[in-house]
Amino acid sequence: MIYRWKRCLVLSITFIFTLILSIALSASLNRGLSASTSNHAYVWDIPPWAPKPIVPADNPMTAEKVELGRHLFYEKRLSINNQFSCASCHIQAIAFTDGKPVAIGATGESHPRNSMSLANIGYNSVLTWANPGMTKLEFQALIPMFGEHPVEMGLAGKEQEVLKMLREDQKYQKLFAAAFGEGESSININNITKAIASFQRSLISFNSPYDRYRYGGEKNAISAAAKRGEALFHSERLECFHCHGGLNFSDSIKHERLAFEEIAFHNTGLYNVDGKGSYPSNNTGIYEFTHKPEDMGKFKAPTLRNIALTAPYMHDGSIATLAEAIDHYQAGGRTITQGKFAGVGSQNPFKSNFISGFSLSPPEKQDLIEFLKTLTDEKFIANPAFSDPNVVNAGKTGS
Ligand code: HEC
Ligand code: HEC
């Protein structure tokens, strides 16, 4: 009898204990659930024919991160003089370039290179003009913020000030909490770069007339001249497609439907300053990193999407117009007759075999330009989701 009573007590204690445990467990589970459901999976604005960008496992896309990233991308207090944001050099109205030959940083210092478009940046297997090791958006964002050679936003040594500014700002308290969870510690440099990278991956441009024609089945979305230009672009005579081929008009590309990511750099014969193939000393291409003689002047073939908006052209902005860019290829390399960079680019020994020059009549040249113009995506440059969140109707004005 005593034994049974004891057993009963043990059983009921066990029961109560299990009950408490399960209530506590379900409460904590609920909290976990609500934390994760408050983060909304990001819905890609991508047409069905296009593959999605590859997103790193440690930084999945969420609507909250993209929104925070957008605010940070346009945040001028992320610079030494509170006047520079990413958007100072990456202006939406001109496909996230800046219209200058070379970029000018917050301190007025010139960058050796031209600001690049961020259209479809999530598809780029390698970032910037010529750095084979720069493959992650999360890492790349640190360079403009904290880099000192050259200074872009000038935040080196100011990490704690930046974090203090963000932690004291109610808007950022809310945005960081929604994207990364409550608490000051979620406002850190790592999460800043994750959010900016997520926003950049959302910058999708697949709405050009050419996309509607080629992939959307709209037979008349581009003119007859542009169709002739498209054929020239893809011809063995002009060879453009070898380096600017595929979905993003670049042979450095990755996405979910490619088994391997592609990375390539080419010397197009833009310079030959010493007759032995040298480029100007501040822009030697991937030679700067590899120090292999044959890598002199090798740069990434950038996307040609929105190319009519992104002049001036090339890594140093040294070509002003599309017509001039075609002249350069037509001659199989650029000849500079005077000044410190004088030289015959077509004789550059490191030049790609695909740059051998070709004949092109003036009407054909015009057709090619008409084709390049069909790569302009008006929806992309006016998309409110990509605009400055602090400005109403910011789409067309940039920052
Ligand atoms: C002072 C102007 C300037 C500012 C400010 C700036 N950028 Fe850039 N950006 C450039 C230049 C110039 C390049 C090319 C750099 C190179 O090749 O070395 C570039 C390249 C890039 C690229 C590589 C694009 C490609 O096609 O490979 C990304 C991504 C990028 N910037 C993102 C950002 C982000 C994010 C910020 C803000 C945190 C930012 N930039 C701020 C000028 C700027
Ligand atoms: C061998 C590969 C290759 C071929 C072929 C090629 N390009 Fe390029 N293209 C590049 C590279 C690399 C760059 C950047 C070069 C630099 O800045 O030094 C570039 C840059 C450009 C730019 C400037 C892009 C910008 O954002 O500044 C345009 C426009 C262009 N190419 C159009 C063409 C056209 C049109 C053809 C065909 C006639 C062509 N390319 C053929 C590799 C190539």
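Predicted model: local features only at pLDDT ≥ 70, side-chain atom pairs only at ≥ 80, totals over all residues.

Residues are numbered from 1 along each chain as its sequence is written, and chains are lettered from A and ligands numbered from 1 in the order in which they are written.

The secondary structure of the protein chain comes to 15 helices and 2 strands, where helices (H or I, at least four residues) and strands (E, at least two) are DSSP runs numbered from the N terminus. Of the 399 residues in the protein chain, 41% are buried; a residue is buried if 20 or more other C-beta atoms lie within 10 Å of its own, exposed if 12 or fewer, and partly exposed in between, with C-beta atoms placed from the backbone. Among contacts with a separation of 6 or more, 67% join residues 24 or more positions apart, a contact being two residues whose C-beta atoms, placed from the backbone, lie within 7 Å.

A nonpolar core is a set of buried Ala, Val, Leu, Ile, Met, Phe, Trp, Tyr and Cys residues joined through C-beta atoms within 7 Å. The largest such core has 44 residues, of which Leu72, Phe73, Ala119, Ala195, Ile196 and Leu203 touch the most other members. Two or more residues each come from α2 (63-73), α3, α6 (159-167), α7 (170-180), α8 and α15 (378-382), and the largest share, 5 residues, is that of α8. Apart from this core lies another, of 31 residues, among them Ala226, Phe299, Ala325 and Ile355.

Helix α2 is mostly covered, with 10 of its 11 residues buried, and its cover includes α3, α7 and α8. Leu72 is one of the buried residues of α2; leaving aside residues up to four places away in sequence, Leu72 touches Leu78, Ile192, Ala195 and Ile196. In the loop between α1 (2-37) and α2 sits Asp58, which counts as exposed because it has 8 C-beta neighbours inside 10 Å. The C-alpha atoms of Asp58 and Lys194 are separated by 9.1 Å, although the two residues are 136 apart along the chain.

Helix α10 (residues 224-233) and helix α14 (residues 362-373) have axes that come within 7 Å and cross at roughly 95 degrees; axes are lines fitted to C-alpha atoms, for helices over the stretch in contact, and angles run from 0 to 180 degrees between N-to-C directions. That angle makes α10 roughly perpendicular to α14, a label for 65 to 115 degrees, whereas angles under 35 count as roughly parallel, over 145 as roughly antiparallel and the rest as oblique.

Around ligand 1 there are 27 residues, with Cys86, Cys89, Thr128, Trp129 and Pro144 coming nearest; a residue is near a molecule or strand if its C-beta atom, placed from the backbone, lies within 6 Å of it. The largest share of this shell, 3 residues, comes from α3. Ligand 2 is surrounded by 25 residues, the closest being Cys240, Cys243, Tyr313, His315 and Ser352. Two or more residues of the shell around ligand 2 come from each of α11 (240-243) and α13 (322-330), and α13 gives the most, with 4 residues.
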